[in-house]
Amino acid sequence: MIQENELITFILCLGALFFIIINYVKLKSLPGLRIFVISFTLFTMGWFFTVIEGIIFEETFNLIEHVCYICSSITMIIWTVIFFKKRGVHEFNRDN
């Protein structure tokens, strides 16, 4: 059975992903943007599989959902490292 909160969260993720894709050219100055988009796409796929698991093959899609979350977390860590290496931590400490 589909839970409404999971469906709403998935729709919100799609909206955020759409916003990121539409503004891709403006966001190109961000270091490692492609990795960030991959991470957020994997996160959105995880929410998609959360919704699907309520309809069919609950255990299979639950496993796929959690694999998507793990991959999303790993790519987000990679993006964070790239971001701070290219931008430099010192840029964020200028005000101190």
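A disulfide is a pair of cysteine sulfur atoms within 2.5 Å. By that cut-off, a search of the whole structure finds zero disulfides. The structure is a predicted model, in which local features need pLDDT of at least 70, side-chain atom pairs count only at pLDDT 80 or more, and totals for chains, interfaces and linings use all residues. Residues are numbered from 1 along each chain as its sequence is written, and side-chain values use heavy atoms, with hydrogens and water left out.

Take the cysteines. Cys 68 is in no disulfide either: the nearest cysteine sulfur, that of Cys 71, is 6.8 Å away. Cys 13 counts as buried at 7% relative accessibility, and Cys 68 is buried at 6%. Here buried means under 20% relative accessible area, exposed over 50%, and partly exposed in between (1.4 Å probe, protein chains only).

Now the interior. A nonpolar core is a set of buried Ala, Val, Leu, Ile, Met, Phe, Trp, Tyr and Cys residues joined through side-chain atoms within 4.5 Å. The largest one has five residues: Leu 17, Ile 20, Leu 33, Val 37 and Phe 40. The largest share, three residues, comes from α3. Helices (H or I, at least four residues) and strands (E, at least two) are DSSP runs, numbered from the N terminus. Leaving aside neighbours within four places in sequence, Ile 20 is in contact (heavy atoms within 4.5 Å) with Leu 27, Phe 36, Val 37 and Phe 40.

Ile 2, Leu 7, Ile 11, Ile 55, Ile 56 and Phe 57 make a nonpolar patch of about 560 Å². Patches use residues with over 30% relative accessible area and no salt bridge; like charges are joined within 9 Å, nonpolar side chains (Val, Leu, Ile, Met, Phe, Trp, Tyr) within 5 Å. A salt bridge is a side-chain nitrogen of Lys or Arg within 4 Å of a carboxyl oxygen of Asp or Glu. Accessible areas come from the Shrake-Rupley method with a 1.4 Å probe; for residues, only the protein chains shown count as cover.

Ile 11 sits in helix α1 and is exposed at 51%. Phe 57 lies in the loop between α3 and α4. Phe 57 is exposed at 55%, and its phi is near 45°, a positive value in a residue other than glycine.

Glu 58 belongs to helix α4 (residues 58-87). Glu 58 is exposed, at 55%. From Glu 58 to Phe 83 is 25 residues in sequence and 37 Å in space, C-alpha to C-alpha.
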